[in-house]
Amino acid sequence: MLQVSSPAPAAHPTPQGFSLPAGSSVYTDGSGAHPRHPQRRRCGGGLSWGHGRGRYSSPLPGAIQTVYRAELYAVVIALEAAEGALTVVSDNKGVCHTLRR
């Protein structure tokens with residue numbers, strides 16, 4: 001669990017159509033289908049907040065489809081929607097390590 005701040009508070013809803021109030025706890029995750037087949041692999045990231053009342057998921061954009069990128073993408077979505085400091089909860093040790101740098 002990490003306390004992170006958005007680089008610039010969102011003054012309006014993001015292109016995803018929502019914003020996260022300062023002080024929110026956001027649970028992020030990434031996933032992929034067909035992880036062992038690069039040509040068929042498709043990944044995406046998602047987040048949940050407000051005790052499960054708010055949810056958002058999106059396919060991972062781009063040609064490079066990895067679960068790790070999807071995990072990071074979910075965090076990016078949360079930061080883009082943040083109106084201030086957030087608590088980000090991730091089950092991915094690599095994401096937590098990257099955010100602590």
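Arginine 69 is partly exposed, because its relative accessible area is 33%, and this class lies between buried, under 20% relative accessible area, and exposed, over 50%, as computed with a 1.4 Å probe on protein chains only. The model is a predicted one, in which local features need pLDDT of at least 70 and side-chain atom pairs count only at pLDDT 80 or more, while totals for chains, interfaces and linings use all residues. Residues are numbered from 1 along each chain as its sequence is written, and side-chain values use heavy atoms, with hydrogens and water left out.

Arginine 69 lies in helix 1, where helices (H or I, at least four residues) and strands (E, at least two) are DSSP runs numbered from the N terminus. Leaving aside neighbours within four places in sequence, arginine 69 is in contact, meaning heavy atoms within 4.5 Å, with Leu60, Pro61 and Ile64.

The chain as a whole has two helices and five strands, which follow one another along the sequence in the pattern β-β-β-β-α-β-α. Of its 101 residues, 41% count as buried. Among the contacts with a separation of 6 or more, 61% join residues 24 or more positions apart.

Helix 1 also holds glutamate 71, which is buried yet has no salt bridge, a term for a side-chain nitrogen of Lys or Arg within 4 Å of a carboxyl oxygen of Asp or Glu. The nearest side chain of opposite charge is that of arginine 69, 13 Å away, where Lys and Arg count as positive and Asp and Glu as negative, with His and the chain ends not counted. The side chain of glutamate 71 does reach the backbone nitrogen of glycine 30, at 3.5 Å. Not counting residues up to four places away in sequence, glutamate 71 touches Thr28, Asp29, Gly30, Ser90, Asp91, Asn92 and Val95.

The largest has 18 residues, of which Phe18, Leu20, Val26, Leu47, Trp49, Ala78 and Leu86 touch the most other members. Strand 3 (42-49), helix 1 (67-81) and strand 5 (86-90) are the elements that give two or more residues to this core, and helix 1 gives the most, with seven residues. Beyond four places in sequence, leucine 47 touches a list of residues that includes Phe18, Leu20, Val26, Ala74, Ile77 and Ala78.

Serine 48, placed in strand 3, touches Ser25, Val26, Tyr27, Gly54 and Arg55 when residues up to four places away in sequence are not counted, and its C-alpha atom is separated by 6.6 Å from that of threonine 28, 20 residues apart along the chain. Serine 58, found in strand 4 (residues 54-59), is buried because its relative accessible area is 14%; leaving aside neighbours within four places in sequence, serine 58 is in contact with Gly44, Gly45, Tyr73 and Ile77.

Cysteine 43 is buried, since its relative accessible area is 7%, and cysteine 96 counts as buried at 11% relative accessibility. The structure holds zero disulfides, a disulfide being a pair of cysteine sulfur atoms within 2.5 Å.

Technical notes
Core = buried A, V, L, I, M, F, W, Y, C linked by side-chain atoms within 4.5 Å. Polar contact = N/O pair within 3.5 Å; in protein donor to acceptor, adjacent residues only side chain to side chain.
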